[in-house]
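Subject: Structure handover

Dear colleague,

I am passing on the structure below, followed by some notes on what was found in it. Please look it over before reading on.

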Amino acid sequence: MRVVKGASVGQGRLSMFFKSGKLDGQFQATGVQLSDFLGEDYLASIDLPDARLAGTLSQPVFTTSASAKDILLLGSQLDSANALVTLKNNIVQVDGIDIVAGGGGVEGFFSYDLTKKKGQANFTADKVGIADFVPKDLGTNVSGSFSGEAGISFDQEGFKLGSGEGKIAKVTVNETLIGDGDWKIRADGRTISGDAYLGGLGSSIDLTGMSYDLESKLIKGNVWVRHLEINDLSKIIKPYLNVSNPNLRSLMDRTNGQLGLSADLGGTFASPDIANGGLTLEALKVGEEKAGDLKASFARSNKSWTIDSLAWTGGPVALNAKGTVEESGAIDLEGSANGFDLRYLALYDVDLANWSGKVDVSLFTVQGLTKSPTIHASAASSTQTELGGISWGSAAPEMAKVFNFDLSNILISDGNEGLSVDGNINFRGYTASVAFKAPFAFPATIPTGSPIEGTLRLQQNIATLLDPRIEPNLGSRPTLFDPAKSSGMLTGLLRVSGTRDDLGISGDVELNAKKLGIRSGSQSFSDVFLKGSFLHDKVDLKFDAKSDFGGSLHGVANSDLPPLEQLLNADSFDEFLDSVVSGRLSADAFALKMKIGKDGQIAVTLGGELAFAGTIGKPSIKGNVDLGNTFLQMPSTLADSQDTAIPAYSPEFDITLRTLNLARFKSSSADIDMLGQGTIAGTFNDLDINALLKVQKGLLRLPTARVTLEQGGSIRPTFSLKDGVSNARLDVEIEGKTQVVAARFGQSAQRYGVTLDVKGDLLQDSGLVMVATSDPPELTQEEIFALLGQVQLIQGLAGGLQSGNAESQFREAFLGIAVPYLLDPFTSQIANAFKLDYLTLDINALDGATISFGKALGRNLMLSGSRQVSKINSAYPLKYDLRLSYRLRFGSRNDRQRLNFILGTDEFRPWKIGVEYGFRF
């Protein structure tokens with residue numbers, strides 16, 4: 001006999017005696033597929049190598065050994081199975097069950113009485129791997145092993161009684177170690193109950209008194225989770241969460257702490273009830289940032305949650321809340337969330353790292369339907385923060401953008417006006433009231449196509465606006481204008497309207513200042529008017545101002561701005577700087593006067609017009625500026641220069657400056673009138689400023705002489721800035737004249753005319769080259785420099801100290817240097833009163849005191865004179881000299897020749913006429 005079915009093959013022999021019914025058979029079968037008998041959930045290939053059939057037809061006896069491989073039962077894989085199967089006296093018995101599975105083994109036996117239709121089974125498991133018994137469709141990576149014993153009894157209606165207990169070892173879920181534990185289970189045919197413990201010394205999960213009623217489907221028991229690491233829990237449940245937000249995934253990975261949970265369970269698996277629920281999240285940390293503790297007590301019944309208390313302390317916010325939540329019905333919550341630290345936003349998204357400050361939500365309520373509640377709240381920036389407000393920006397705190405807000409009414413609900421905000425905001429002293437309405441859909445969506453409306457109303461006193469006490473800790477407030485010297489108002493009304501994808505802004509902002517006073521100095525502006533008119537993506541500016549010293553400024557500009565929704569984007573500032581702008585600024589005899597240092601001053605009258613075009617971030621500024629009545633009084637001391645960073649804002653300049661009349665430069669040692677022009681070209685990163693100024697007249701004061709500057713000399717200031725490296729020069733090429741008194745060996749004292757040629761860079765050490773000649777030309781250059789600086793007196797003073805003649809040397813030094821220098825302010829005033837170029841008092845040992853003066857009558861025509869005041873030698877009359885000289889010069893500057901024609905008188909000659917010739921060698 002041979003039977004074939006699919007891969008199954010059976011063959012053997014069978015004989016039966018009809019008279020006695022005796023059976024005698026022997027056969028074998030290989031590759032018997034279990035699924036052919038029990039269905040596709042039961043897979044195995046079974047071999048029966050030595051089956052025997054005996055007994056009678058009414059009382060058959062069947063014996064065989066069986067082995068199986070490729071076993072998969074209800075998704076659980078077994079490596080192999082062996083057993084002895086007998087059928088005798090209507091009892092099926094399977095002995096010697098030996099199953100290899102998951103690296104461990106299961107032994108047991110099974111018997112079933114076909115007549116009574118009752119059976120029992122007992123099994124013993126030893127270190128059987130859990131992984132092979134976890135359904136693959138759960139998507140869970142589980143490892144570990146279990147051991148234990150179990151016994152069951154059953155009848156034709158199914159399971160009747162059973163019990164078992166054992167151990168669980170080295171359990172991991174999704175590569176997270178849970179630990180070891182114990183399990184117990186009991187069953188009586190109606191109820192299954194048991195206990196389980198899993199964990200270690202640090203954390204554990206304990207299920208006690210768990211029961212399940214097979215008929216009512218009710219569950220009961222207690223759950224206690226102790227000190228479970230949150231990052232372990234996160235690793236376990238993350239495969240089941242559909243978290244697409246990368247920031248949220250990262251936050252989950254970096255969050256740690258310890259979770260505790262206790263609850264009494266009831267109800268059904270489909271809708272469990274929870275009583276005495278308690279949840280704790282302790283020692284929370286996100287990365288290295290401490291996040292405090294969160295505690296909650298709650299209950300659940302009939303799909304309704306009661307939150308008796310929810311508190312978060314020691315972390316980013318002081319949260320307290322309570323209320324009820326129906327899963328498919330109403331919600332009623334209230335609470336507060338004070339001191340929310342905005343620094344914690346960076347833990348969620350690094351793009352929010354520039355925010356700092358704290359926000360108080362003193363009261364919030366959540367009422368209505370759970371899926372779409374109505375939320376009422378009030379919020380304000382906390383006054384307990386370091387800067388007293390909310391700041392954003394990557395710069396240092398003193399340069400950050402800081403604002404405060406107080407939103408008294410916040411309403412969130414579903415609908416076309418679901419989001420509504422009213423309140424006040426303050427930015428660096430600018431206070432405004434805001435009102436905003438927008439459509440809203442839960443959980444957090446502003447629908448497209450629905451109208452959005454908002455208003456921003458400004459009304460601020462300028463004096464208050466400029467008061468630095470508004471933000472005493474903010475060092476970046478400009479100090480140009482003085483609130484005590486300023487008055488006026490800033491007003492405006494701006495409207496935001498449109499849809500989420502097409503927002504526009506319209507309205508006007510006006511600054512009307514009756515007076516704007518400069519903080520240091522007497523300069524102030526009056527009737528200042530600035531108006532900005534917004535219409536969707538366009539803005540027009542108009543500016544007018546007057547100077548208290550005369551003249552006015554006028555300006556207009558317009559620009560096309562990016563759409564408002566782009567400006568509201570955190571990364572859209574570059575788009576704002578790329579906006580096209582055009583306009584002009586004109587000055588009509590606008591007079592400025594400002595202090596420089598302690599005792600310096602600059603005064604100028606501005607005229608001309610500047611035009612600008614390009615973009616806001618890189619405008620092109622071109623035009624001509626006329627400088628009238630320019631006066632620069634250098635201070636006695638200048639503040640030390642400080643390095644400054646090059647701003648990202650980079651206009652491109654093409655400006656021409658020119659003097660309309662004499663520009664006067666005055667310092668402690670110089671008084672110069674000039675004419676000329678200059679240019680400002682390039683950008684802040686590649687700047688070039690230069691000018692060429694021609695000397696019209698001037699005077700330099702030396703310790704013992706006054707040098708009258710010749711007309712035509714040049715002063716060329718230049719300044720360049722390239723890649724943050726600056727270079728400045730002040731090149732001069734000037735010529736001046738003065739007079740000195742000297743006594744040559746064997747001669748009486750004589751007055752000499754001196755010409756100084758000065759070339760080089762005044763800003764460089766040893767950058768000047770000075771050439772001096774005398775008239776008559778018998779003095780050497782070294783002698784002239786010595787006379788101008790009284791070097792011979794200083795040297796003589798040193799020699800007198802050594803020779804014991806210190807008293808006379810001190811007297812000569814005081815009379816020759818100190819007295820003329822100290823009297824210079826008075827003699828200068830007398831010279832100015834008589835319109836003289838110079839008036840000096842010379843004192844020396846040969847002539848005593850002598851008064852000298854000079855007056856230029858033309859380019860080469862000079863009137864000069866001197867008069868001896870004190871008589872040294874009674875044998876000689878008082879010296880005096882009065883002469884009119886005309887000087888001709890020819891030759892190059894380095895090889896200058898001179899011809900002088902002289903007409904004058906002195907103490908010996910009523911009239912004298914002379915011709916002098918000199919040259920430089």
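The protein exposes about 52200 Å², of which carbon and sulfur atoms supply 58%, with accessible areas taken from the Shrake-Rupley method with a 1.4 Å probe and, for residues, only the protein chains shown counting as cover. This is a predicted model, in which local features need pLDDT of at least 70 and side-chain atom pairs count only at pLDDT 80 or more, while totals for chains, interfaces and linings use all residues. Residues are numbered from 1 along each chain as its sequence is written, and side-chain values use heavy atoms, with hydrogens and water left out.

There are 10 helices and 51 strands in the protein, these being DSSP runs numbered from the N terminus (helices H or I, at least four residues; strands E, at least two). Of its 921 residues, 36% are buried, meaning under 20% relative accessible area, with exposed over 50% and partly exposed in between.

The largest nonpolar core has 25 residues, and F364, F405, L407, I410 and L419 touch the most other members; such a core is a set of buried Ala, Val, Leu, Ile, Met, Phe, Trp, Tyr and Cys residues joined through side-chain atoms within 4.5 Å. Its largest share, 5 residues, comes from β25. Leaving aside neighbours within four places in sequence, L419 is in contact (heavy atoms within 4.5 Å) with residues including L411, F436 and F440. A second, separate core of 19 residues includes I462, L494, A587 and F590.

Finally, L903 lies in strand β50 (residues 897–906) and counts as partly exposed because its relative accessibility is 40%.

Best regards

Technical notes:
Buried means under 20% relative accessible area, exposed over 50%, partly exposed in between (1.4 Å probe, protein chains only).
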